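Dear colleague,

Please find the structure below, together with its sequence. My notes on what was found in it follow.

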Amino acid sequence: MKSPAWLAGYVESLDFPALTRYRSDCPVCAKKNTFSVSDDGLQRMWYCFHADCNVSGRTGITLTKDHASKLFEKQMTKQPDPVSTSFELPTTFVSLSRSIDAELYVKRVQSYDAYLAGRADIRYDFQRNRAVYLIKQGNKVVDAAGRSLDDRTPKWYRYGSSKCPFISGTDLRVACIVEDCASACSVSGVVTGVAILGTNLLPEHIETLRKFQQVYVALDKDATDKAIDMVRTLHSHVPTKLIILKTDLKNMKKDERDDFIRSYIDR
Ligand SMILES: [Zn+2]
């Protein structure tokens with residue numbers, strides 16, 4: 001939905017401090033607690049994550065003295081996000097090389113190059129028999145997602161409660177949203193792979209994706225509708241395009257996959 005003209009003024013008038021977030025019922029669609037506003041010290045960005053509404057936008061740059069000094073303070077002190085401190089690495093995580101099955105899995109799903117190159121930190125959880133992809137914000141581990149190496153369910157287990165995406169790569173030019181951690185690793189030689197690890201795009205994901213110059217959505221072919229919805233939602237925050245997959249990324253050979261991704265981003 002397009003933001004009504006009065007919404008920017010409304011968002012500006014909200015009384016909450018710079019560099020924090022605000023959450024409320026949506027002033028446009030009136031759904032409960034779906035309206036999120038973040039203030040980065042320069043601008044306020046709003047977003048309603050109810051699918052029927054998805055109203056979003058940003059205010060003009062309003063660098064008030066108060067905002068500027070708080071932004072400066074934050075840059076100087078670099079306070080960790082509250083979520084960053086709440087995850088402790090389980091003691092059952094050991095080096096990937098301790099399990100042949102885990103290493104074989106990582107090779108099979110095309111994550112091994114990313115692992116060797118340091119674009120992904122992958123461990124073995126001997127208690128749950130899972131190959132575990134560590135989810136980081138900066139250098140800090142905030143969560144982990146583990147793929148079972150036997151028949152146990154769920155196939156993917158989320159260890160923490162962060163809403164952070166799994167990211168493989170550090171290049172802030174092009175991000176590619178993919179289905180899972182393995183696919184994120186598989187594309188990371190060419191672009192930064194981002195796995196949102198769930199079905200829905202959350203405000204936290206949008207915050208992360210906004211930092212890139214260009215975003216592509218490349219979900220498996222049975223999720224094309226979902227991918228189109230995602231492109232629509234993201235489009236008002238960051239330039240976003242759809243990549244249509246014929247084969248799952250992690251089932252392609254390395255050269256085939258890299259060429260395929262490049263054929264999109266070089267257009
Ligand atoms: Zn709404």
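I begin with F166, which touches A120, Y133, L134, I135, C181, A184, C185, G193, V194, A195 and L197, leaving aside residues up to four places away in sequence; contact here means heavy atoms within 4.5 Å. Please note that this is a predicted model, in which local features need pLDDT of at least 70 and side-chain atom pairs count only at pLDDT 80 or more, while totals for chains, interfaces and linings use all residues. Residues are numbered from 1 along each chain as its sequence is written, and side-chain values use heavy atoms, with hydrogens and water left out.

Nonpolar cores

F166 is among the residues with the most contacts inside the largest nonpolar core, which has 38 residues; Y133, C176, I243 and L249 are the others named. Such a core is a set of buried Ala, Val, Leu, Ile, Met, Phe, Trp, Tyr and Cys residues joined through side-chain atoms within 4.5 Å. Buried means under 20% relative accessible area, exposed over 50%, and partly exposed in between (1.4 Å probe, protein chains only). Elements giving two or more residues to this core include strand 7 (130-137), strand 8 (140-148) and helix 8 (254-265); helices (H or I, at least four residues) and strands (E, at least two) are DSSP runs numbered from the N terminus. Helix 5 supplies the largest share, five residues.

Helix 7

Helix 7 (residues 224-235) has twelve residues and reaches 16 Å from its first C-alpha to its last, close to the expected 16 Å, the expected span being 1.5 Å times one less than the number of residues. Its buried residues are A227, M230, V231, T233 and L234. Because they cover an arc of only 165 degrees around the axis, they lie on the same side of helix 7; the arc is taken from the directions from the helix axis to the C-beta atoms. The face turned away from that buried side carries the exposed residues D225, R232 and H235. Strand 11, helix 6 (203-209) and strand 13 (214-217) are among the elements covering the buried residues.

Zinc site

The protein donors of the zinc ion are the SG atoms of C26, C29, C48 and C53, lying 2.3 Å from it. Donors are N, O and S atoms within 2.8 Å of the metal (3.2 Å for Na, K and Ca); water is not among the atoms, so sites may look incomplete. The site is tetrahedral, with angles of 103 to 119 degrees among its four donor atoms; four donors count as tetrahedral if all angles lie between 85 and 135 degrees. Both C26 and C53 are buried.

Yours sincerely

Definitions and conventions. Four donors count as tetrahedral if all angles lie between 85 and 135 degrees; four count as square planar and six as octahedral if opposite donors are over 155 degrees apart and all others between 65 and 115; anything else is irregular.
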